[in-house]
Amino acid sequence: MSDESRPFRAAAVVPAAGRGVRLGPGAPKALRTLSGTPMLVHAVRAMAASRAVSLVVVVAPPDGATEVKNLLAEHALPDRTDFLVVPGGASRQESVKLGLDALPPGFDAVLVHDAARPLVPVDTVDAVIEAVRDGAPAVVPALPLADTVKQVEPSEDGSPERVVATPERSRLRAVQTPQGFDHDTLVRAHATVTGTVTDDAGMIEQLGLPVVVVPGHEEAFKVTRPLDLVLAEAVLARRRANDGF
């Protein structure tokens with residue numbers, strides 16, 4: 001089959017090796033439950049909800065791959081999507097690379113999705129994939145900022161921080177996941193970009209390639225603190241009431 005006639009294929013890598021200390025003591029963040037189901041399972045289902053995603057690679061804590069495999073086996077996941085669990089590394093960047101390395105040949109696009117964003121709607125996932133399909137090397141979903149942002153001089157001793165600039169809010173966006181990438185471009189970025197980055201799109205920027213933005217969604221928020229768990233439970237309750245989710 002020629003490249004022109006071959007179906008466009010997308011895979012998702014879900015790093016889930018973090019501890020999530022800001023949520024307080026307990027299980028790793030991705031294994032905390034929402035309505036009785038681990039956040040990781042919600043996140044994996046969100047990726048698999050897109051018909052363009054045929055494989056989801058979950059990057060587990062280095063010593064927790066078996067536990068995560070058993071966890072996924074205990075919960076209903078779409079039959080049309082394949083799932084793979086691999087051990088992660090010491091950092092998120094290393095874990096994503098290990099997930100990339102586990103992908104079999106033949107994928108055109110790769111999504112990288114935080115397990116701590118369990119409620120991203122499928123329309124957002126599809127919008128990211130479609131932008132990669134249309135030729136963007138990197139795509140991020142994002143929302144305009146509601147608050148004014150101040151750049152400050154960090155305080156070393158706990159004293160009040162001094163404001164040094166007020167960026168123009170209309171030009172700022174709060175970035176979410178899944179972030180989408182041309183497969184070969186993301187592999188090259190992980191092979192060549194060194195130093196710490198806060199997201200994979202930042203690696204593409206360091207290659208000098210464009211990153212484009214598609215609309216994010218308010219329900220794709222990151223569960224980081226205990227109050228976020230309360231909000232996530234409320235979103236799930238509303239979904240169940242509205243459409244039987």
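**Close-up views of a predicted model**

**View 1. A charge meets a ring.** The charged end of Arg 9 sits over the ring of Phe 107, 4.1 Å from its centre. Aromatic pairs number 0 in this structure. The model shown here and in the other views is predicted.

**View 2. Confidence along the chain.** The protein chain has a mean pLDDT of 91. Of its residues, 93% reach 70 or more. Over residues 21–25, pLDDT is below 50. This stretch has 13 contacts in the model beyond near neighbours in sequence. Where pLDDT is low, the predicted coordinates should not be read in detail.

View 3. H5 spans residues 183–192. Its buried residues are His 183, Thr 185, Leu 186, Ala 189 and His 190. They cover an arc of only 170 degrees around the axis, so they lie on the same side of H5. Asp 184 and Ala 191 are exposed on the other side. The buried residues of H5 pack against two helices, H3 (92–101) and H6 (200–206). They also pack against strands S6 (109–112) and S11 (179–182).

**View 4. Helix H3 under cover.** Ser 95, Val 96, Gly 99 and Leu 100 are buried in H3. Their arc around the axis is only 140 degrees, which puts them on the same side of H3. The cover over these buried residues includes strands S1 (10–15), S4 (53–60) and S5 (82–87). S6, H5 and H6 are also part of that cover.

**View 5. The largest nonpolar core.** In soluble globular proteins, nonpolar side chains tend to be buried together. Here the largest nonpolar core holds 35 residues. Leu 40, Met 47, Val 56, Val 58, Leu 72 and Leu 111 touch the most other members. Two or more residues each come from S1, helix H1 (39–48), S4, helix H2 (65–73), S6 and helix H4 (122–133). A second, separate core has 22 residues, including Val 13, Leu 103, Val 193 and Ala 201.

**View 6. Around Leu 40.** Neighbours within four places in sequence are left aside here. Leu 40 is then in contact with Val 14, Ala 16, Ala 30, Leu 31, Val 58, Val 68 and Ala 115.

**View 7. His 113, a buried loop residue.** His 113 lies in the loop between S6 and H4. Its relative accessibility is 0%, so His 113 counts as buried. Leaving aside neighbours within four places in sequence, His 113 is in contact with Val 13, Val 14, Pro 15, Ala 43, Met 47, Val 120, Thr 177 and Pro 178.

**View 8. A cis peptide bond.** Thr 177 and Pro 178 are joined by a cis peptide bond, with omega about 10 degrees. Pro 178 has its place in the loop between strand S10 (173–175) and S11. Both Thr 177 and Pro 178 are among the contacts of His 113.

**View 9. Ser 35 and its positive phi.** Most residues other than glycine have a negative phi, and most peptide bonds are trans. Phi of Ser 35 is near 55 degrees, a positive value. Ser 35 lies in the loop between strands S2 (33–34) and S3 (37–38). At 35% relative accessibility, Ser 35 counts as partly exposed.

**View 10. Ser 91 and Ala 73.** Ser 91 is found in the loop between S5 and H3. It is partly exposed, with a relative accessible area of 35%. Ser 91 and Ala 73 are 18 residues apart along the chain. Their C-alpha atoms are separated by 26 Å.

Terms used:
Residues numbered from 1 in each chain as written. Predicted model: local features only at pLDDT ≥ 70, side-chain atom pairs only at ≥ 80, totals over all residues. Heavy atoms only, no water. Buried < 20%, exposed > 50% of the residue type's maximum accessible area, 1.4 Å probe, protein only. Helix = DSSP H or I, 4+ residues; strand = E, 2+ residues; numbered from the N terminus. Arc of directions from axis to C-beta. Contact = heavy atoms within 4.5 Å. Core = buried A, V, L, I, M, F, W, Y, C linked by side-chain atoms within 4.5 Å. Phe/Tyr/Trp six-rings, centres within 6.5 Å; stacked < 30°, edge-to-face > 60°. Lys NZ or Arg CZ within 6 Å of the ring centre and 35° of its normal. pLDDT = per-residue confidence, 0-100.
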